[in-house]
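Reader: Hey, can you walk me through this protein? I'm new to reading structures.

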Amino acid sequence: MSQIFVTRRYRFCAAHRLHTDLLSPEENWAAFGKCNNTNGHGHNYVVLVTIRAGTAESMTDLDSLDRLVTDTVIERFDHQDLNSDPAFSALTTTGENLVAVIWDILTPLLPAGRLHKVGVIETRDNYFEYTGAS
């Protein structure tokens with residue numbers, strides 16, 4: 001059976017510092033370079049949320065999806081320091097971890113199996129995507 005997928009694009013701006021207490025200051029600098037700056041740095045993130053829409057004949061309520069993502073992801077992270085968010089208390093604020101955190105926020109709020117993929121564009125050259133735990 002064929003599937004139709006719909007992807008919506010969202011944006012937020014946030015700061016972070018790539019750092020882990022598991023490494024020494026020297027090891028953090030070696031691992032993360034200038035992204036380990038104690039003052040942090042910011043990104044204009046783009047979040048891509050892909051859902052299973054069903055068949056071509058079915059109607060997808062994109063307004064509801066937009067409200068959900070705005071209320072739970074965008075408002076939470078926009079103009080914030082990601083390192084201060086409780087979801088990152090035991091995680092480094094990498095793009096890989098951010099995309100998984102967004103997945104974990106959205107999954108329980110959507111019907112089972114509806115969320116197909118979450119993508120995060122961090123920079124012109126860095127894109128991360130997550131399709132859930134295997």
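This is a predicted model: local features need pLDDT of at least 70, side-chain atom pairs count only at pLDDT 80 or more; totals for chains, interfaces and linings use all residues.

Reader: What's in the largest nonpolar core?

Author: It has 29 residues, and Val 49, Phe 77, Leu 98, Ile 102 and Leu 106 have the most contacts inside it. A nonpolar core here is a set of buried Ala, Val, Leu, Ile, Met, Phe, Trp, Tyr and Cys residues joined through side-chain atoms within 4.5 Å. Buried means under 20% relative accessible area, exposed means over 50%, and partly exposed is in between (1.4 Å probe, protein chains only).

Reader: Which element gives the most to it?

Author: That's H3, with seven residues. As for Leu 98, it touches Phe 12, Tyr 45, Phe 77, Leu 82, Phe 88 and Val 120, not counting residues up to four places away in sequence.

Reader: Why would residues like that group together?

Author: In soluble globular proteins, nonpolar side chains tend to be buried together.

Reader: Okay, new topic: how many aromatic pairs are there?

Author: The count comes to three. Rings of Phe, Tyr and Trp (its six-membered ring) pair if their centres lie within 6.5 Å; planes under 30 degrees apart are stacked, over 60 edge-to-face, and the rest tilted. Phe 12 and Phe 77 form a tilted pair, 5.7 Å centre to centre with 35° between the planes. That pair links strand E1 to helix H2, 65 residues apart. Phe 12 is buried at 1% relative accessibility, and Phe 77 is buried at 0%.

Reader: What about Trp 103 and Tyr 130?

Author: They form an edge-to-face pair, 5.7 Å centre to centre and 90° between the planes. Trp 103 is in helix H3 and Tyr 130 in strand E5, so the pair ties together parts 27 residues apart in sequence. Trp 103 is buried at 11%, whereas Tyr 130 is partly exposed at 24%.

Reader: Now the histidines. Is His 43 buried or exposed?

Author: Buried, with a relative accessible area of 13%. His 43 is found in strand E2 (residues 41–54).

Reader: Which side chain does it make a polar contact with?

Author: The side chain of His 41, at 3.2 Å. A polar contact is a pair of N or O atoms within 3.5 Å; within protein, one must be able to donate a hydrogen and the other to accept it, and residues adjacent in sequence count only if both atoms are side-chain atoms.

Reader: And is His 79 buried or exposed?

Author: His 79 is exposed, at 62% relative accessibility. It sits in the loop between helix H2 (62–77) and strand E3 (80–81), and it has a positive phi of about 55° although it is not a glycine.

Technical notes. Residues are numbered from 1 along each chain as its sequence is written. Side-chain values use heavy atoms; hydrogens and water are left out. Helices (H or I, at least four residues) and strands (E, at least two) are DSSP runs, numbered from the N terminus. Contact means heavy atoms within 4.5 Å.
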